[in-house]
Structure formats: structure tokens, C-alpha cells
Amino acid sequence: MKIFTAAQIYEADKFTIDKQQITSDELMERAATKIFEWMHSRLQGAQVNIQLFCGIGNNGGDGIALARHLVEHGYNVQVHVVNYSEKRSKDFLLNLERLKDRKIWPQFINQDCNFPDITPNDIVVDAIFGIGLNRPPDSWVGNLIKHINASSAFVLSVDIPSGLPSDRMPSAPEHVIASSYVLSFQVPKLVFFLPETGIYVNQWEVLDIGLDTSFLGETDTDYHLIGRPEVLSMYRPRLKFSHKGIYGHSVIVGGSYGKIGAVQLTSNACLSVGSGLVTALVPECGYQSLQTAIPELMVLTDDEDDSLTKIDIPFDPSALGVGMGMGTKDETIKAFGAFLKKMSIPLVIDADGINILAKKWELMERVPKQSVLTPHPKELQRLIGEWKDDFEKLEKTKQFSEKHDCILVIKGAHTITVYKDKGYVNTTGNPGMATAGSGDVLTGMITGLMAQGYSSLNAAIFGVYLHGMAGDIGASTSGYEALKASGIVENIGKAYLELLRPPSSAENKEEN
Ligand SMILES: NC(=O)C1=CN([C@@H]2O[C@H](COP(=O)(O)OP(=O)(O)OC[C@H]3O[C@@H](n4cnc5c(N)ncnc54)[C@H](OP(=O)(O)O)[C@@H]3O)[C@@H](O)[C@H]2O)[C@H](O)CC1
Ligand SMILES: [K+]
């Protein structure tokens, strides 16, 4: 699914209004009706107290139109107009008149008014600001937002939490609505997925308001949300008349004394994701444990017992993952530099591989084009430098990717795979996956996918999705706390099955 900017959404509105020959008011009516249907199907007429806080723009207009539907269906509503500007939108005014025609009189909240009481059992509809927010709210509006946040009521935000800009950080974090649920029109917003701004969004859902599909289809976006349909289209089925040679020979290079387990996890994941053959290259100390733990694995060893000093691979691998548990000893750095000089296939570089690149910048020039780097936040910082916020982090990552023609996987709750000016936002995974070795598993999966012929970018996007799915399946039986990296590996097969199972009719509808 594409993630549009606010400017693109406004364009889509205009285009739709022209093409479908409807008025902007009719589009607002569609939006309000969709929210009403969502609420009505859940509340079924329950007599809870619904307090609607509406701004004076089109987000507020959506809220006012929704109030009319709620009243017409017998709900118990109180409408508050947050009077933050004299410049009321045309469709807001139109809907305000319609409400008054039905003898509903909103309470106007101005700078010097007391705020209404909100009890924890109320439902708050947040329609103060939408994607039109272009400056910090005045302090009294910010205080109203604080008042709503302090209420413990369920807060349903229309389109986006009020006070959250769609393309930058809010200037005062406490002046943003902490939403229980966001109903976002047509497309999700990028801010739902970034660590610093996603905290305002507990849950979200997209409501289809019928914006023109050809416009949405043809407009290019910088970000994509990666769900099942996107990943399914990348899947490369196994062929009936095939043999292990077709699915590639992966090599996993890493490990040092006390960190051989990292290579074990990576190699296991690489095998489980479907690589035809896997060979690990480790220091001598890793030989026995690897051979014992993974009978399917072939093992090459360095002459040195506790760290890598030479990276020689006596055949041409189909894909290669390097860096996990490898350490950054001088001899290892030297070996890594010499190895990079010889390599021409794209690599997957993780952990100490990235740390060595950050220490020895000149080695970055030797990294084969289209390689995949999988840094955790600290490692990313070593690569691209400090950032002031998530937006700058993304920009700097894009520049790095462009400059070095590499793919960067920014790991997090919503891992974002960046290639040049595009970002692919993942939707699987859970907090249980923040555990030792989880990244090693991901590196093995991406390597194993590249060995099977997936392009570097597709291997990264597909691997991140499947890794998250395997973690979700693991956590569904172990819970978050007890999920271990080996539990993620164990569920890679089930993740494939989940991905490939025929979707239910409800999912089919959602995905179309
Ligand atoms: N396709 C869709 O998704 C549809 C969305 N709809 C809804 O429309 C809003 C966007 O509405 P818009 O009127 O453009 O913007 P807002 O309601 O968010 O804001 C209203 C105006 O407020 C001014 N503004 C901005 N920031 C502040 C501030 N901090 N303090 C005071 N005033 C502020 C600004 O106007 P200015 O001229 O003063 O700059 C805004 O324009 C969208 O989110 C959806 O909810 C449609 O209903 C249907 C289609
Ligand atoms: K809102």
C-alpha cells in the first residue's frame, strides 16, 4: 500500500471531485458516513456519552457531520467546537448549519472557556486538526488536548491525531492527542510508523472514501507499507523439477570466541528460509559446536582459534552474509578489507561488519553495489552520523543508500528498508523480537533469499516481513518475554505457510 504525503492527499481529493463530479461536501459526507458506520457497527446503539471535539476546518467538518449521523441514530452526543481560528472552512459551516437545523447546539470553546468534564467512560471523537495542521497549536488548544489526554476516555481520532503534523515532529509532545484508535481516510500516514511519532497512535485503520483509484495507482510515493499482498507478489515458488543447486549456496562469515551462537542462528535461519546449501566460515573454536548443532551445515574454519584472520572461500557462493559476532580485532579488520576487495556479488553485512565499515570508511568503497546493510540504531548512527529526529534519520539514510548504491534496513518496531529515495515500511513483528540474536536471524534469512534468486531489495523487504511473521507466530505461543531468536527460526516454515494460505473472503476484500 502506498503512503501518500498530505500534499498528495489534497491532490487526490481535487482529482476525485473533478472526475466523479461530486462536491467537496459530498466527499466529506462520505468520510463522515464511513466513520459513523464504523462506530455504529461496534456500539449498536449503546447509550454511552460521546463527546465530539471539532475544529473549524475540514477535519472539524467531518466531526460535525458525524455528530449529525450519531444524533439521527439516537446516540447521546455533545458537540464542542474548538474555536481556534476565524477562518472556518466552507464545508465546516455547511455542516454546522445542518446540525443547527436539527436543533443541536454545539458548545463553542474559546481561549478563556472552562473545558468540559470528560469521564473515563466517555468516548471522545477527536476532530480538532487533520492533515491541515501547519503550525503548533496555540497554548490554550494545547491545554485542551492535554485535558483530553488526561481523561482516560477512549479517544477516536478522525484521520490523524490532532496536533500531530503529517511530515515533521510536533513542537510540544504534550500538545498531541494520544489516540486510542485512528480512522485514517484512504491511506495511512507515515507518522503512524516512526518511533518518535507512532507513539501517539495506539491502533489505526484505513477507511476507504472512494478517492480515485487511477490517481492513487499512478501517483508515485516515497514510502510503501509492506503487507501480505506486496510480499506475496515477490514470492518465488519452488519448482517441482528442481534440486538443491537451484536454490543457491549461501556462505555465512562471522563468529569469535564466545560468539559462535550468532553464526549458528544465522546459518539455521538461512537453511530454514530455503537456501539449497549453507556453509559457515568461523574461527577454529566454532567448529565442533556448529557441526554438532546443525548437521545440515558445512563448516570452514580459520587457522586462528578465537577470531577470523583470513576470509577465503574456495568456491563461488550464491550469496554471502557477514559480520555477526565477528568482533573488530585488527586482524579481523584486515581480513575483512582483503575479502571485500575480492567480492563482486552483493553481500548482506551485519553487526561487526557494519562496525568495521564505520571505523574504516575507505572500505565502504569496496562494498559491492546492491549489498544489504542491516544496522540496529547504534550501528546506523555510526554509518550516517547523528540525526535530530526520525525524519532526518530517514533523509540521511536515503542519501547514504544513494551514494553507495546499497540497501539499508533500519530495524525497529516498523522496520524500514531504504533503497535510494524509497522506503518500505514493514507491518509484521512484535516487541518480543527485541531479543539477543534476532538480527542474526534476519541476516540469515535475507542471505538465504538472495541465494534463491531474490534481488537484494526484494530479499530485504521479503525477509523483514517473513522474520516479523515468524516472530508473531512464535510470540503467539511463547508470549513476548519468552520469545528467543531460536524461536523465530523455528517458525520460519509456519510463516511461509501463513503467507501462502489462501486469504479469507474478508481479507480478500481488504486487500483489493
Ligand atoms: N481525502 C481526504 O482525506 C479527505 C479529508 N477530509 C478531511 O479534511 C482534513 C483536512 O482539512 P483542512 O481543512 O485542510 O485542515 P484541518 O482541518 O486539519 O485544519 C484547518 C485549518 O486550520 C488552520 N491551522 C493549521 N494549523 C493551525 C494551528 N496550529 N492553529 C490554528 N489554525 C491552524 C489551517 O488554515 P490556515 O489558513 O490558518 O493556515 C487549516 O487549513 C483531513 O484531515 C480530513 O479530516 C475531508 O473531509 C474529506 C476528504
Ligand atoms: K483529528
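Helices H1 (6-19), H2 (24-43) and H3 (58-72) each supply at least two residues of the shell around ligand 1. H3 gives the most, with five residues. In this predicted model, 30 residues surround ligand 1, and the closest are Gly57, Asn58, Asn59, Gly130 and Gly132. Sorted by class, the shell around ligand 1 holds 13 nonpolar, twelve polar and five charged residues.

As to confidence, the protein averages a pLDDT of 96, and 98% of the residues score at least 70. The model scores are ipTM 0.98 and pTM 0.95.

The overall layout comes next. The protein has 18 helices and 18 strands. Its C-alpha atoms fill a box of roughly 85 × 45 × 45 Å along the principal axes. Of the 512 residues in the protein, 48% are buried. Among contacts between residues at least 6 apart in sequence, 74% join residues at least 24 apart.

Two domains divide the protein: domain 1 (2-221) and domain 2 (244-511). Their C-alpha centres lie 41 Å apart. At the boundary, nine residues of domain 1 are in contact with seven residues of domain 2. The side of domain 1 that touches domain 2 consists of five nonpolar, two polar and two charged residues.

The largest nonpolar core has 146 residues, of which Leu52 and Val125 touch the most other members. Helix H15 (residues 456-478) contributes the largest share of this core, eleven residues. Both domain 1 (2-221) and domain 2 (244-511) are represented in this core, with at least three residues from each. Leaving aside neighbours within four places in sequence, Leu52 is in contact with Gly63, Leu66, Ala67, Val77, Val79, His80, Val125 and Ala127.

| Residue | Other C-beta atoms within 10 Å | Class |
|---|---|---|
| Glutamine 21 | 8 atoms | exposed |
| Serine 166 | 21 atoms | buried |

Glutamine 21 lies in the loop between H1 and H2. Its phi is near 50 degrees, a positive value in a residue other than glycine. Glutamine 21 counts as exposed because 8 other C-beta atoms lie within 10 Å, and the cut-off for that class is 12 or fewer.

Aspartate 159 is in the loop between S6 and S7. The phi of aspartate 159 is near 75 degrees, again positive in a residue other than glycine. Most residues other than glycine have a negative phi.

Serine 166 is placed in the loop between strand S6 (154-158) and strand S7 (181-185). Serine 166 is buried because 21 other C-beta atoms lie within 10 Å. Not counting residues up to four places away in sequence, serine 166 touches Ala6, Ile131, Ile160, Lys189 and Val191. Serine 166 and aspartate 222 are 56 residues apart in sequence, and their C-alpha atoms are 14 Å apart in space.

Definitions and conventions:
Residues are numbered from 1 along each chain as its sequence is written. Chains are lettered from A and ligands numbered from 1 in the order in which they are written. This is a predicted model: local features need pLDDT of at least 70, side-chain atom pairs count only at pLDDT 80 or more; totals for chains, interfaces and linings use all residues. pLDDT is the predictor's confidence in each residue, from 0 to 100. A nonpolar core is a set of buried Ala, Val, Leu, Ile, Met, Phe, Trp, Tyr and Cys residues joined through C-beta atoms within 7 Å. A residue is buried if 20 or more other C-beta atoms lie within 10 Å of its own, exposed if 12 or fewer, and partly exposed in between; C-beta atoms are placed from the backbone. Helices (H or I, at least four residues) and strands (E, at least two) are DSSP runs, numbered from the N terminus. Domain bounds come from an automatic or database domain assignment. Two residues are in contact if their C-beta atoms, placed from the backbone, lie within 7 Å. A residue is near a molecule or strand if its C-beta atom, placed from the backbone, lies within 6 Å of it. Ala, Val, Leu, Ile, Met, Phe, Trp, Tyr, Cys and Pro count as nonpolar, Asp, Glu, Lys and Arg as charged, and the others, Gly among them, as polar.
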